[in-house]
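Open the model in your viewer and get ready to click. This tour goes from the ligand to the pockets, one selection at a time.

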Amino acid sequence: MTVSSWIATWAGLVPPGVAVLDVAAGNGRHTRFFAERGHPVTAIDREVSGLAAADNIEVVAADLEDGSPWPLAGRTFGAVVVTNYLHRPLFPHLFAALQPGGMLLYETFMIGNERFGKPSRPEFLLNDGELLELVRDRFSVIAYEARMISEPKMAMVQRIAARLIS
Ligand SMILES: C[S@@+](CC[C@H](N)C(=O)[O-])C[C@H]1O[C@@H](n2cnc3c(N)ncnc32)[C@H](O)[C@@H]1O
């Protein structure tokens, strides 16, 4: 699967060499993307069969929704990347996992996506302006979009590139 155009566009804001956390990494398309750019990457997902550990890739198998403690407590990263995944109780952990000045790159489906198929349940869809609201006062927003896309498929997405204020 190809790298998200949003992630590819804003990856340049992630300082060279900083550690990157790829949350709900799936088959690791962004894990490999950042590893190839020279970052140490931690990939976390409950299903890790599509993720291969390597010198600069750490794979963490964890269910992020079963009520267990956040598995990376105390660890921080220069960037946190999340695509096509939403579990709202994780936001405090994602923000706490960022070092001062760290980059949040987040892209997932939003309300309105139900007309195109799945995900269609409200718990998997961001509300209007939700990412902006979440980062307000804590992050410097570099880019934000809430729009329909046609590639890789028709969808309503919301996406943000924001830097944690030091
Ligand atoms: C649509 S995929 C997105 C994968 C990847 N971020 C990407 O964009 O290519 C959603 C991912 O969330 C993971 N996931 C779903 N529920 C999870 C949970 N409870 N704990 C950890 N990962 C979960 C799935 O295993 C899957 O890899």
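Ala, Val, Leu, Ile, Met, Phe, Trp, Tyr, Cys and Pro count as nonpolar, Asp, Glu, Lys and Arg as charged, and the others, Gly among them, as polar. Keep in mind that this model is predicted.

Stop 1: Show backbone atoms. At A24, a backbone N or O atom lies 2.7 Å from a nitrogen atom of the ligand. At L64, a polar backbone atom is 2.8 Å from a ligand nitrogen. At R46, that kind of distance is 3.3 Å. On its own, the ligand has 590 Å² of accessible area, and the protein covers 80% of this.

**Stop 2: the largest pocket.** Which pocket holds the ligand? The ligand sits in the largest one. Its volume is about 410 Å³. Select its 18 lining residues; A24, G26, D45, N84 and Y85 are the closest to the centre. Now colour β1 (20-23) and α2 (29-36): each supplies at least two residues of this lining. The lining has 7 nonpolar, 5 polar and 6 charged residues.

**Stop 3: the second largest pocket.** About 290 Å³ of space lies here. Of its 16 lining residues, S4, R29, I149, E151 and P152 lie nearest the centre. β5 (98-109) and β7 (155-164) each give two or more residues to the lining. The largest share, 3 residues, comes from β7. By class, count 7 nonpolar, 4 polar and 5 charged residues in this lining.

Notes:
Residues numbered from 1 in each chain as written. Predicted model: local features only at pLDDT ≥ 70, side-chain atom pairs only at ≥ 80, totals over all residues. Heavy atoms only, no water. Polar contact = N/O pair within 3.5 Å; in protein donor to acceptor, adjacent residues only side chain to side chain. Areas by Shrake-Rupley, 256 points an atom, 1.4 Å probe, with all protein chains shown as cover. 1 Å grid on protein atoms, 1.4 Å probe; cavity = no way out; pocket = protein on both sides within 12 Å on 5 of 7 lines; lining within 4 Å. Sits in = over half its atoms within 2 Å of the grid points. Points joined across faces, edges and corners; volume = space filled by probe spheres on them. Helix = DSSP H or I, 4+ residues; strand = E, 2+ residues; numbered from the N terminus.
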